[in-house]
Amino acid sequence: RPTAAEVGAALGEIHALVSAHFALEEKNMLAWGYPQFDEHKRDHEALLDAIRDTMDECESELPLDRDAFSARLNEWFTSHFRTHDARLHGFLQAGHAGSGR
């Protein structure tokens, strides 16, 4: 079973990768003139905050509630894909992003 420090380090890597993905997606949304950018970005920030909160728990040696963390991530991804990403994909499929996509 991994230590709190190992979990925190792994979450740091996940945070960096997810953050980079979100930054690229947000850059593209701005370039495409996506009208729901602000709402979409806020949802990205909510996930990054949740990961940072869990990293803080690991650093403070608090026991990590793996089930609760897993449930939070699952809920966030499921909700985000069904709402924010679905709207973005609809926007792109409707040709609103111009010929760049």
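How many residues does H3 have, and how far does H3 reach from its first C-alpha to its last? H3 has 28 residues and reaches 37 Å, close to the 40 Å expected at 1.5 Å a residue; the expected span is 1.5 Å times one less than the number of residues in the helix.

## Basis of the description

The structure is a predicted model, in which local features need pLDDT of at least 70 and side-chain atom pairs count only at pLDDT 80 or more, while totals for chains, interfaces and linings use all residues. Residues are numbered from 1 along each chain as its sequence is written, and side-chain values use heavy atoms, with hydrogens and water left out.

Helices are DSSP runs (H or I, at least four residues), numbered from the N terminus. Buried means under 20% relative accessible area, exposed over 50%, and partly exposed in between, with a 1.4 Å probe and protein chains only. Contact means heavy atoms within 4.5 Å.

## Helix H1 and helix H2

H1 has 29 residues and reaches 41 Å from first to last C-alpha, close to the 42 Å expected at 1.5 Å a residue. Its buried residues are Val7, Gly8, Leu11, His15, Val18, Phe22, Glu25, Glu26, Met29 and Trp32, and what covers them includes H2 and H3. His15 is buried, with a relative accessible area of 15%. Not counting residues up to four places away in sequence, His15 touches Leu48, Ile51, Arg52 and Met55. Just after H1, Gly33 takes a positive phi of about 70°.

The 23 residues of H2 should span 33 Å at 1.5 Å a residue, and the end C-alpha atoms of H2 are 33 Å apart, which agrees. The buried residues of H2 include Leu48, Ile51 and Met55, and the buried residues of H2 pack against H1 and H3. Just after H2, Glu61 has a positive phi of about 70°.

## How H1 meets H2

The axes of H1 (residues 4–32) and H2 (residues 37–59) come within 9 Å and cross at roughly 170°. That makes H1 roughly antiparallel to H2. Axes are lines fitted to C-alpha atoms, for helices over the stretch in contact, with angles from 0 to 180 degrees between N-to-C directions; an angle over 145 degrees counts as roughly antiparallel.

Residues of the contact of H1 with H2 divide into 14 nonpolar, 7 polar and 4 charged. Here Ala, Val, Leu, Ile, Met, Phe, Trp, Tyr, Cys and Pro count as nonpolar, Asp, Glu, Lys and Arg as charged, and the others, Gly among them, as polar.

## Helix H3 and its kink

H3 covers residues 66–93 and contains His80. A kink of about 40° in H3 is centred on His80; the bend at a residue is the angle between axes fitted to the seven residues ending there and the seven starting there. At 2% relative accessibility, His80 counts as buried. Leaving out residues up to four places away in sequence, but for Asp85, which lies beyond that range, His80 touches His40, Asp43, His44 and Asp85.The buried residues of H3 are Phe69, Trp76, His80, His84, Asp85, Leu88, Phe91 and Leu92, and their cover includes H1 and H2. H3 is followed by Gly95, whose phi is positive, near 80°.

## Arg87

Arg87 is also found in helix H3. At 33% relative accessibility, Arg87 counts as partly exposed. Leaving aside neighbours within four places in sequence, Arg87 is in contact with Tyr34, Gln36 and Glu39. Arg87 and Ser60 are 27 residues apart in sequence and 38 Å apart in space, C-alpha to C-alpha.

Definitions and conventions:
Helices (H or I, at least four residues) and strands (E, at least two) are DSSP runs, numbered from the N terminus. Angles under 35 degrees count as roughly parallel, over 145 as roughly antiparallel, 65 to 115 as roughly perpendicular and the rest as oblique.
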